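Trainee: I am new to this structure and would like to go through it step by step. Could we begin with the terms?

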Number of protein chains: 2
Amino acid sequence: MVKNIDEKYMQMAIELAKKGAGAVNPNPMVGAVVVQDGKVIGTGYHKYFGGPHAEVYALEEASQNSKDLSNATIYVTLEPCSHYGKTPPCAEKIVKMGLKRCVIGSSDPNPKVAGKGVQILKNAGIEVYENILKSECDKINQVFFKYIMTKIPYFFLKCAITLDGKIATKTGNSKWITNEIAREKVQFYRNKFMGIMVGINTVMFDNPSLTARIENGINPYRIIIDPHFKTEKNYNIIKENSDEKTIIVTSKNNENSEKQLDFSENSKVKFIFLNGTKFSFKEILYMIGEIGIDSVLLEGGQSLISQAFKEDLIDAGEIFIANKILGDEKGKSFITGFDKKDMNEAVILKNVKHNVYGENIGMEFLQKNYN
Amino acid sequence: MVKNIDEKYMQMAIELAKKGAGAVNPNPMVGAVVVQDGKVIGTGYHKYFGGPHAEVYALEEASQNSKDLSNATIYVTLEPCSHYGKTPPCAEKIVKMGLKRCVIGSSDPNPKVAGKGVQILKNAGIEVYENILKSECDKINQVFFKYIMTKIPYFFLKCAITLDGKIATKTGNSKWITNEIAREKVQFYRNKFMGIMVGINTVMFDNPSLTARIENGINPYRIIIDPHFKTEKNYNIIKENSDEKTIIVTSKNNENSEKQLDFSENSKVKFIFLNGTKFSFKEILYMIGEIGIDSVLLEGGQSLISQAFKEDLIDAGEIFIANKILGDEKGKSFITGFDKKDMNEAVILKNVKHNVYGENIGMEFLQKNYN
């Protein structure tokens, strides 16, 4: 019974945490709920990057509603912090406010500090319950967990295909494969991840501007993988964006060329230079991570998707399948270049969930789990 | 209000009708309900080919429950028959039993008799209400409607593909693409349609026996499209089936060959002979219809599926999509041979519905509507 009550309030804390989506990166989403005598007397969530932690809001509100918190429980989706960062440590605040119990979902993924928050609480005599709805709590912070542990951005694939697996006709035409409902979901993803990645072919064929068309949404970084620096200034992705959030990943050969310097100065484009022209995807992601981008939405095309699967770098994704058939072998498949003789060798998408978008369907998957 | 009550009992009649699935072909599925003073006093459905009509069961039961039916309504999913066939006309039976109202779903699709049943009822002063839940009633008898109107079997596609649209690896390996739950549904389809059609390549690569593994299920006709008569007696489809329900569609060149005569005599295989070796799918279907098969499940492979789409002969189907990727352009696509420059030229699957089979998904579609 007690456990069910704990799960109930932890679920509430999870819902609060989710409100921070898109605004807290690369900080984690965290929610907190303070309960006393069966009543919620304080709630909070981490609202924006660098802002007060969820516990601070919840405890402040609780202290206004009750003078004595010695019988109160705080539910928090992530282990309270133990270090002095942008804010004082939450574990100490909980001790100072004199709460009785602390119920925790996820442990801190940072090996340097994991368990320290719990230790502070226990040393002060607070009852600590860990791993309550842990998998649900871990789930909302996969991006944060991966990035803090590996320094490599979370990598999410979005791809729209026909039933025969094509992303474009042989002439490169891809408008439109999926319906408007499915395309709305893409806007959601563009708002959810810090960066969007596309290959130069997609930029040349589709000429996208790659903005998140969501009210109050934050435009993501736009990352173009362009070894031979074919991007031109009249492309929408350059001319429609002057927010200094376009990044071109290209060969070192292009460094300090007249074109590159012009792009940097006049179009405010950032560059990542790599050796050669066949890049290791892992290296690309590492470099992107270095500039503080914690998550990347891979939007295509064939060459990048294929390489990402080959290097087994995709953490999760959604493949949108249209109720359409091209039936033309010359159409462009979303993936190519594998050599598979037996059906058992196929790449399996794991933890699949299906989302219905009218007559289209989305196959959402989760290849990796970070906790 | 009255309409809602009528729809309620019509829905009951539809559920009854469905109980005849797989047993009444090529007769229609029909359900009937007799209601008096707000009570159901008789129900019935068409149980087996050539058996009594749904109305007969419902009226007989009603007459046992009530001596006077002058205040009763009969709900029937299909217009009561007006002709003397294997049973006397139901329209006359309703008149004879003295009912007050008759509520009808679908009209009779046979142009020779459509409306005649209704006329008999009206002439006798019975109140007739037509088209109640008509589309639902039409839906359960699409096979019957098409076959009676066109003499061509209803043609349903079943196909299992990877996310990149492949039905086999380059070496022909196709076991297994979908999971067990999805494959169970295939057994359902094998029981639902009178015939199963496969190409000779599928027979050679997969060596299927094509039986319906459903308890009390009726084994379907197995139709092999085999222009060059490559089928051999040691194939499962021949050696595991001695029920005289295997049909080979082959070139006239093979007629009366030693092999053909041996197959006919000793393996009880039936033959359809056609001119040349590139067959018109429409002609194949017409010939199959001529021998009394009202519906065919197309199970593959690439060549037949592609041609069926090209001739626009597919009435409906379900494409099972696995959470698997081959990523090998040399793998076998489920469809090929089209020339599509623009995404707008893609074949659209209509009236799509999605069925979840664990991590696999089925896209069910309905291209044509018969009523």
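Mentor: Contact means heavy atoms within 4.5 Å. Helices (H or I, at least four residues) and strands (E, at least two) are DSSP runs, numbered from the N terminus. This is a predicted model, in which local features need pLDDT of at least 70 and side-chain atom pairs count only at pLDDT 80 or more, while totals for chains, interfaces and linings use all residues; side-chain values use heavy atoms, with hydrogens and water left out. Residues are numbered from 1 along each chain as its sequence is written, and chains are lettered from A and ligands numbered from 1 in the order in which they are written.

Trainee: Which residues of H2(B) and H3(B) meet?

Mentor: From H2(B) come B:Glu55, B:Val56, B:Leu59, B:Glu60 and B:Ser63, and they meet B:Cys90, B:Lys93, B:Ile94 and B:Met97 of H3(B). By type, the residues of this contact are 5 nonpolar, 1 polar and 3 charged. Here Ala, Val, Leu, Ile, Met, Phe, Trp, Tyr, Cys and Pro count as nonpolar, Asp, Glu, Lys and Arg as charged, and the others, Gly among them, as polar.

Trainee: At what angle do H2(B) and H3(B) pack?

Mentor: The angle is about 15°, and the axes are 10 Å apart. Axes are lines fitted to C-alpha atoms, for helices over the stretch in contact, and angles run from 0 to 180 degrees between N-to-C directions.

Trainee: Is the crossing of H2(B) and H3(B) left-handed or right-handed?

Mentor: H2(B) passes H3(B) in a left-handed crossing. That term applies if the near helix is turned anticlockwise from the far one by less than a right angle, and right-handed applies if clockwise.

Trainee: Which residues of H3(B) are buried?

Mentor: In helix H3 (residues 90-97) of chain B they are B:Cys90, B:Ala91 and B:Ile94. Buried means under 20% relative accessible area, exposed over 50% and partly exposed in between (1.4 Å probe, protein chains only). Seen down the axis of H3(B), these buried residues fall within an arc of 110°, so they line one face of the helix. The covering elements include helix H2 (54-65), strand S3 (73-78), strand S4 (101-106) and helix H4 (116-123) of chain B. Just after H3(B), B:Gly98 takes a positive phi of about 75°.

Trainee: Turning to chain A, how do H3(A) and H4(A) pack?

Mentor: Helix H3 (residues 90-97) and helix H4 (residues 116-123) of chain A pack at about 15°, with axes 9 Å apart. That makes H3(A) roughly parallel to H4(A), and their crossing is right-handed.

Trainee: Where is A:Asp315, and is A:Asp315 buried or exposed?

Mentor: A:Asp315 sits in the loop between helix H12 (302-310) and strand S13 (316-321) of chain A. At 0% relative accessibility, A:Asp315 counts as buried. Not counting residues up to four places away in sequence, A:Asp315 touches several residues, including A:Lys146, A:Tyr154 and A:Tyr370.

Trainee: And where does B:Phe279 lie?

Mentor: B:Phe279 is in the loop between strand S11 (270-274) and helix H11 (281-290) of chain B. B:Phe279 is buried, with a relative accessible area of 8%. Beyond four places away in sequence, the residues that B:Phe279 touches include B:Ile225, B:Pro227 and B:Glu311.

Notes: Angles under 35 degrees count as roughly parallel, over 145 as roughly antiparallel, 65 to 115 as roughly perpendicular and the rest as oblique. The arc is that of the directions from the helix axis to the C-beta atoms.
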